[in-house]
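Subject: Structure for you, with notes

Dear colleague,

Here is the structure I promised to hand over, with the sequence alongside.

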Amino acid sequence: MALVDHVEEDPEPLVELANRHVVSARQFDRRTVAQLCRMAAMYETTPHLMQPPLAGKILISAFYEPSTRTRLSFESAWHRLGGDIMSITDPASTGIAKGESLADVAEMFNNYGDLVVLRDSSDTAVYEMLESLRIPIINAGNGIDEHPTQALADVYAIFKWRPALLDAQVSDADRIRIGIIGVPGRMRTVRSLLLFLSLFPQAISEVVIICDTDDPFDDGQKAELEQAGLKLRVARRLNNELPELDVVYINSIAWVGDTFERLGEELALTARSPLKPGSIILHPLARGEELSTDLDATPHNWYFAQARGAVYIRMALLTTITQRIYQVMDLST
């Protein structure tokens with residue numbers, strides 16, 4: 001409710017998202033993110049006031065790479081909005097297994113649904129579908145490239161924690177320091193999160209990338225973020241940084257080809273870690289040994305709220321893309 005009260009309603013940037021594909025965090029600006037977060041907060045806090053705006057609409061949920069949280073949160077969001085769903089969870093059960101091109105699959109999708117959510121282990125799959133699609137598509141993770149809706153859920157959690165970070169001007173004393181335990185060049189969640197954070201440099205004093213390599217960025221990635229105003233630093237020793245971090249984002253899985261590797265054992269959080277009082281921990285989940293369950297009962301645990309909020313930020317995005325924005329806005333006034 002604090003977020004709803006803090007952000008003035010402005011439907012204009014959301015109207016511009018209508019019928020648009022969502023493939024990258026680069027498509028968003030600060031106003032759009034703020035309004036999506038506000039609508040998500042409305043859905044989260046006043047669900048009894050919301051009339052399902054997507055009755056009669058069909059979502060094609062195409063997950064060609066294994067997923068639990070992302071697929072279920074998208075499908076939960078669509079169901080809560082009143083729509084119906086067709087799911088594909090195994091590419092071996094589709095024409096792709098027989099050599100059908102993604103462009104042809106996209107052409108068929110036009111006839112079957114109103115919106116596609118796609119996850120694929122290939123960086124290029126979502127782009128191969130674009131030219132043939134006449135319905136919107138949302139990128140739910142494409143290889144090591146991006147995962148824009150997960151990153152929306154990440155920043156939504158941060159702005160629920162401190163809505164004033166959305167202000168155009170944030171004092172030096174109120175700016176936050178964010179630590180990201182991960183490898184931006186090989187983690188799609190981290191890549192998209194950094195792009196969203198770069199929209200709010202006025203609220204962030206520093207982003208510390210904590211990993212076991214000295215060069216965690218792709219070519220040009222760091223320069224793009226710094227040009228947008230983010231102050232970046234790379235560090236190796238987690239415990240040395242934790243006492244000064246307001247937000248700690250941890251993700252242990254980095255992709256290498258068609259498989260993945262986990263970060264070093266020393267890059268892990270437990271209740272014994274020297275966390276700053278009042279700081280919060282975020283994790284896109286699923287977690288492993290890098291995030292101990294003994295943190296679950298502490299005030300640092302915002303990763304479960306982050307997962308819960310993913311449903312509502314996706315509800316806001318789906319409502320906006322399918323042009324049902326005003327049905328929600330009318331209920332808020």
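Predicted model: local features only at pLDDT ≥ 70, side-chain atom pairs only at ≥ 80, totals over all residues.

Residues are numbered from 1 along each chain as its sequence is written, and side-chain values use heavy atoms, with hydrogens and water left out.

The chain is divided into domain 1 (1-146 + 309-327) and domain 2 (148-307), with bounds that come from an automatic or database domain assignment. Taken over C-alpha atoms, the centres of the two domains are 24 Å apart. Where they meet, 38 residues of domain 1 are in contact with 34 residues of domain 2, contact meaning heavy atoms within 4.5 Å. The buried area between domain 1 and domain 2 (the accessible area, with a 1.4 Å probe, that two parts lose on being put together, summed over both) is about 2800 Å², and carbon and sulfur atoms give 64% of that area.

Three salt bridges are found across this domain interface, a salt bridge being a side-chain nitrogen of Lys or Arg within 4 Å of a carboxyl oxygen of Asp or Glu. The search of the whole structure finds 20 salt bridges. Among them, R26 pairs with E146, the closest N and O atoms being 3.4 Å apart; this pair links distant parts of the chain, 120 residues apart, with R26 in the loop between α2 (12-15) and α3 (30-45) and E146 in the loop between β4 (137-142) and α7. Helices (H or I, at least four residues) and strands (E, at least two) are DSSP runs, numbered from the N terminus. Another salt bridge joins the side chains of E65 and R188, at 2.6 Å from N to O.

A cavity here is a set of points, on a 1 Å grid over the protein atoms alone, where a 1.4 Å probe fits but cannot get out, and lining residues have an atom within 4 Å of a point; grid points are joined across faces, edges and corners, and the volume is the space filled by probe spheres set on the points. The lining includes I158, F159, I176 and I178, and α7 (148-161) and β5 (176-181) each supply at least two of its residues.

Finally, the peptide bond from L285 to A286 is cis, with omega near 10°, and N19, although not a glycine, has a positive phi of about 60°.

Best wishes

How values were computed
1 Å grid on protein atoms, 1.4 Å probe; cavity = no way out; pocket = protein on both sides within 12 Å on 5 of 7 lines; lining within 4 Å.
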